[in-house]
Amino acid sequence: LRVAYLARPIALIDDRSLPDDAYLVLDLARAIAEGRGPQYGDAFTNGFQPLYVWLLSLPMLASDLGSVAGLDAMVKVSVAIGGAFDVLNVGLLFALLRRRFGDFVAAAVSLAWALNPATVLHSMNGLESSMGVTGLLCLWMTEQRVDRAPEAAAPRAWLGVALGAAALARIDALLVGPWLVARALLDQDEVMTQPVG
C-alpha cells in the first residue's frame, strides 16, 4: 500500500496527505544540506523535530535542489521515509504484542495497522509522525525489557537512551518521562521493602 501510494503523482500526494508543515520541514532540511544551518528563510529556528530534519537533509546533499525535478524527488523521499518508518512500526508492534498477547492478537492488530488507510496516509505526510511512533514503540520495548530484569542496571540506562532518542524524533515523547521515573521509583521501593533471606 505504501509503495503504491508513493508511486502516485506528487499532485495527488500533495492533495491527499501533505500539510503545509511538510514543506517547512523540507525547507529546513534544504538549508542544512546547503550548509546554512537550521534556517527558515533568513532566520535561524529551533521549531522542528531534529532527528527527522537531519535525516532528510542527508539525501538532499546528493540532490539537484535547483531543479524542479530535484525538489519533486525530495518530496517523494520525505514521503518514503515516513512509509519506511511505518513499516518498521508494524514489525515493532507485532513483536511487542506477540510477547504479551500471543500470535493471533499481534497479527490481527499489526494487520489492522498496516492496512488502515488513515494510518497509511498519516504515516506518509512528509513529517516526523512515523518516526515519533517508532520512538515510542522502542521506548515501550525497552520498558518491557526493564520489567523482565528489574534488578539489572543496564536496561534502566537504556530507558534513558530510548527516551532521549524518542524525544529527538518528537519532543512530546518527553511526556512519558515522568511516568518512567515514577515506575522506576515504585520498583525501587518494592526492592527495598522485600524481606532479606
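Helices (H or I, at least four residues) and strands (E, at least two) are DSSP runs, numbered from the N terminus. By that rule, the protein chain has ten helices and two strands, and valine 109 is a residue of helix H6. This is a predicted model, in which local features need pLDDT of at least 70, side-chain atom pairs count only at pLDDT 80 or more, and totals for chains, interfaces and linings use all residues. Residues are numbered from 1 along each chain as its sequence is written, and side-chain values use heavy atoms, with hydrogens and water left out.

**Overall layout**

- Read from the N terminus, the order of elements is α-α-α-β-β-α-α-α-α-α-α-α.
- The protein chain has 197 residues, and 37% of them count as buried. Buried means under 20% relative accessible area, exposed means over 50%, and partly exposed lies in between (1.4 Å probe, protein chains only).
- Accessible areas come from the Shrake-Rupley method with a 1.4 Å probe, and for residues only the protein chains shown count as cover.

- A nonpolar core is a set of buried Ala, Val, Leu, Ile, Met, Phe, Trp, Tyr and Cys residues joined through side-chain atoms within 4.5 Å.
- The largest such core has 24 residues, and those with the most contacts inside it are Leu18, Val25, Leu26, Tyr52, Val53, Leu56 and Met60. Two or more residues each come from helix H2 (10–16), helix H3 (20–33), helix H4 (50–60) and helix H5 (68–101). H3 supplies the largest share, six residues.
- The buried residues of H4 include Pro50, Tyr52, Val53, Leu56, Ser57 and Met60. Seen down the axis of H4, the buried residues fall within an arc of 160°, so they line one face of the helix. The arc is that of the directions from the helix axis to the C-beta atoms.

- H6 has 13 residues, and the distance from its first C-alpha to its last is 18 Å, close to the 18 Å expected at 1.5 Å a residue. The expected span of a helix is 1.5 Å times one less than its number of residues.
- Ala106, Ser110 and Ala114 are buried in H6. They fall within an arc of 60° when seen down the axis of H6, so they line one face of the helix.
- On the face of H6 turned away from its buried side are the exposed residues Phe104 and Leu111.
- Phe101, Phe104, Val105 and Val109 make a nonpolar surface patch of about 410 Å². Patches are made of residues with over 30% relative accessible area and no salt bridge; like charges are joined within 9 Å, and nonpolar side chains (Val, Leu, Ile, Met, Phe, Trp, Tyr) within 5 Å.
- Helix H6 (residues 103–115) gives the most to this patch, with three residues. Valine 109 counts as partly exposed because its relative accessibility is 36%.

**Helix H8**

- Helix H8 (residues 129–148) has 20 residues that should span 28 Å at 1.5 Å a residue, and its end C-alpha atoms are 29 Å apart, which agrees.
- Among the buried residues of H8 are Ser129, Met131, Leu137, Glu143 and Val146.

**Salt bridges**

- Side chains of opposite charge can pair when their charged atoms come close. A salt bridge is a side-chain nitrogen of Lys or Arg within 4 Å of a carboxyl oxygen of Asp or Glu.
- The structure holds six salt bridges.
- Glutamate 34 pairs with arginine 36, and their closest N and O atoms are 3.0 Å apart. Both count as partly exposed, glutamate 34 at 42% relative accessibility and arginine 36 with a relative accessible area of 34%.
- A network of salt bridges links Arg30, Glu34 and Arg36.
- Glutamate 34 lies in the loop between H3 and strand S1 (39–40). Its C-alpha atom is separated by 8.4 Å from that of methionine 60, and the two residues are 26 residues apart along the chain.
- Arginine 98 forms a salt bridge with aspartate 103, with the closest N and O atoms 2.5 Å apart. Arginine 98 is partly exposed at 45% relative accessibility, and aspartate 103 is partly exposed at 44%.
- Aspartate 172 forms a salt bridge with arginine 170, with the closest N and O atoms 3.2 Å apart. Aspartate 172 is partly exposed at 37% relative accessibility, and arginine 170 is partly exposed at 30%.
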